[in-house]
Amino acid sequence: PDLEETLPRLATPQDWGDQYGERIAGYLLPPKTGHYTFWIAGDDQCVLRLSADVDPAKLKEICRVSGYTQPEAWTQAPEQKSPPIELKAGQRCFIEVLHKEGGGADHVAVAWQGPGMERQIIGGEYLAPLTGRERYRPQAAEDSFSTVKGRPARCDVLANDRTFNRG
């Protein structure tokens, strides 16, 4: 990757650049057992994928932005919202965001709502970083990310692996 960065929450800085792609990946740590709903907002296209456990081979797309949204505009299109997903307290789940920026404004953010929790951007206290070899493990690419070559989970224009850090 050309850049690696630790994010304090599951949101990127706004207006960072043009013509790049990024993969944000790590582990989600649900605080309570129950049903969680996720939303994604971004400019330009972005996809949120989640695994029921730590295995990235089990990632499934749960929501997406096909064009663009304003920052934190969670309800612009129905596909931005996931169905309710059952998660267990403390059970790590692999989570991944793929984001492709063309030109103009750029950003991506993921929010969730769950037991006893109103919708909010996922904070760093609920995220853990990837370590070692898993950081660069290729994943299957989504068809809408046509710039992905060779390494299916990375866009070829500029690949950023932004990983989570709880400390």
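Student: Over which residues does pLDDT stay under 50?

Tutor: This is a predicted model, in which local features need pLDDT of at least 70, side-chain atom pairs count only at pLDDT 80 or more, and totals for chains, interfaces and linings use all residues. Residues are numbered from 1 along each chain as its sequence is written, and side-chain values use heavy atoms, without hydrogens or water. The pLDDT is the predictor's confidence in each residue, from 0 to 100. It stays under 50 over residues 138-167.

Student: In which strand is confidence highest?

Tutor: Strands are DSSP runs (E, at least two residues), numbered from the N terminus. The chain averages a pLDDT of 81, and 78% of the residues score at least 70. Confidence is lowest in strand β11 (residues 159-164), at a mean of 41, whereas the highest value, 98, belongs to β9.

Student: What is the order of the strands in the open sheet of four strands?

Tutor: Two strands pair if DSSP finds at least two bridges between them. The edge strands, each pairing on one side only, are β6 (85-87) and β9 (117-121). With antiparallel pairing, the order is β6-β3-β8-β9.

Student: Which residue in β9 stands opposite Trp 112?

Tutor: Trp 112 stands opposite a residue of β9, namely Gln 120.

Student: Is Thr 37 buried or exposed?

Tutor: Thr 37 lies in strand β3. Counting contact as heavy atoms within 4.5 Å, and leaving aside neighbours within four places in sequence, Thr 37 touches residues including Lys 81, Pro 84, Ala 111 and Trp 112. Buried means under 20% relative accessible area, exposed over 50%, and partly exposed in between (1.4 Å probe, protein chains only). Because its relative accessibility is 13%, Thr 37 counts as buried.

Student: How far from the sulfur of Cys 63 is the closest cysteine sulfur, in Cys 46?

Tutor: A disulfide is a pair of cysteine sulfur atoms within 2.5 Å, and by this rule the count comes to zero. Both residues are buried, Cys 46 at 0% relative accessibility and Cys 63 at 2%. Their sulfur atoms are too far apart for a bond, because the separation is 8.3 Å.
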